[in-house]
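This briefing goes through a few parts of one protein chain in turn. Keep the structure in view while reading the points.

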Amino acid sequence: MTTMPSRNRKRLTGERAKLNPFVVAGGDASPRDQRDLMERPFFSLAKTKRLTPIHYESGGVQVHVQGFPEHGMATIWDADILIWAASQIVEAENAGLQTSRFLRFTPYQLLTAIGRNTGARNYQLLRGSMARLQSTVIRTTIRHGSHWRRHQFSWINEWEECETSDGRTEGMELVLPEWFYRGVIDRSLVLSIDPAYFRLTGGLERWLYRVARKHAGRQPSGWRFEIPHLHAKSGSLARPSDFALDIRRLVARQPLPGYRLGIERDGRRQLLRIRPAKLSTEPVDNPMEGIGTSGANTIGTSGASLSVLRAHETQLTLWPETLIPALNLESNLESNCSRRRARCGEPSPKGEVSRNGAGNRELEAPKKAEKSGRSDG
């Protein structure tokens, strides 16, 4: 990877030369997550380097994840970058703006949005996350349509830093894979998440929150999982007995925002019950207070009293040749699932146990649905 001054940019190469850039120049976006990433083991749950591959197969769907020795496998903390990208894309689409797999942004925007500090060490950690996301290879049959196909890709196709002559990072560019971008544009494959997710410090609790949000959603009865099935679903390297102990510790601590955990027994089977706690997870299109960086008081905002973006120059000054894209209202249409919810699946009956990863479908709707009083997502 090379860097280049933002004031004297070279001609773009690779995929970026073929794509129209999506410049992240707006304000805060409510966090959204991609459903496929929430329910299957795509990331390492440990902060230490993981080289052992993940191979998961359930219900005819296969997922294989491979990291490489130089960087290791992408972690669930690295996935915050993908959550942020999905959030920005959905927010722009809701506003009728044209989006792209090619994103331009400032590291400051990204770090503050996902609840990170903005010191030199955090910029360095961000570079490490980018490297792991690019070097991790995924092979999966998810969304293969009527023909059985295996799709191979990395979480980031390419990325670049834009530096000044004194070495200060002003902006970044990245290209997302088509597989991920399609999953974000399809609103039936996106769910809102609680901003407090970014405050969760453990890999297991972060993974379990995403499982809870995807499967239990806002169903009063929640969802039940067999502990061995959860172990396989997580991709964890822990022994099954140690994994079960870690789950019981989480039940004792109750760390998941918006959800309550409980252990149940059905004969010899041990089950984890996940229920919404007062349905506290914010609807996707409700405005967020403050800067929406997860509510942590220790997050620096460089003296910004309103939006974090106002403490820096507008994003467009980094790429003066870039114009704000025209409205793209065709891309803001509701999906068929949004219009005909009953055909897309309803919440499963009370007490149903998940063994194969199937869950209820809770859909992400564009903002115009808000006028009808609906708050999906």
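The axes of helix H6 (residues 203-215) and helix H8 (residues 240-253) come within 11 Å and cross at roughly 75°. The model is predicted.

**Helices H6 and H8**

- With angles of 65 to 115 degrees counted as roughly perpendicular, H6 and H8 are therefore roughly perpendicular to each other.
- On the H6 side, the contact is made by Leu204, Glu205, Trp207 and Leu208.
- On the H8 side, these residues meet Phe243, Asp246, Ile247, Leu250 and Arg253.
- Sorted by class, the contact of H6 with H8 contains six nonpolar and three charged residues, and no polar ones.

**Strand E14 and its partners**

- Strand E14 covers residues 269-276, and six of its eight residues are buried, so the strand is largely enclosed by the rest of the structure. Buried here stands for under 20% relative accessible area.
- Strand E13 (residues 259-266) pairs with E14 in the antiparallel sense, over eight bridges.
- Within this pairing, Ile263 lies opposite Leu272 of E14.
- E13 and E14 form a hairpin with two residues between the strands, where Gly267 has a positive phi near 65°.
- E14 is also joined to strand E12 (residues 223-226) by four bridges, and these two strands run antiparallel.
- Glu226 has Leu271 in E14 as its bridge partner.

**The sheet E4-E5-E7-E8**

- Four strands make up an open sheet with antiparallel pairing, in the order E4-E5-E7-E8.
- Which strands stand at the edges of the sheet? They are strand E4 (54-58) and strand E8 (151-154); each has a single partner strand, so one side of each is left without a neighbour in the sheet.
- Direction ignored, neighbouring strands of this sheet are turned by 15° against each other on average.
- E5 and strand E7 (residues 137-140) are paired in the antiparallel sense by four bridges.
- Gln66 stands opposite Val137 in E7.

**Glu70 in its loop**

- Where is the place of Glu70? Glu70 is in the loop that lies between strand E5 (61-66) and helix H2 (79-94).
- Is Glu70 buried or exposed? Its relative accessibility is 65%, and exposed means over 50%, so Glu70 counts as exposed.
- Glu70 and Ala131 are 61 residues apart in sequence, while their C-alpha atoms are 9.4 Å apart in space.

Terms used. Residues numbered from 1 in each chain as written. Predicted model: local features only at pLDDT ≥ 70, side-chain atom pairs only at ≥ 80, totals over all residues. Heavy atoms only, no water. Buried < 20%, exposed > 50% of the residue type's maximum accessible area, 1.4 Å probe, protein only. Pairing = 2+ DSSP bridges. Axes fitted to C-alpha atoms, helices over the stretch in contact; angles between N-to-C directions. Parallel < 35°, antiparallel > 145°, perpendicular 65-115°, else oblique. Contact = heavy atoms within 4.5 Å. Nonpolar A, V, L, I, M, F, W, Y, C, P; charged D, E, K, R; others polar.
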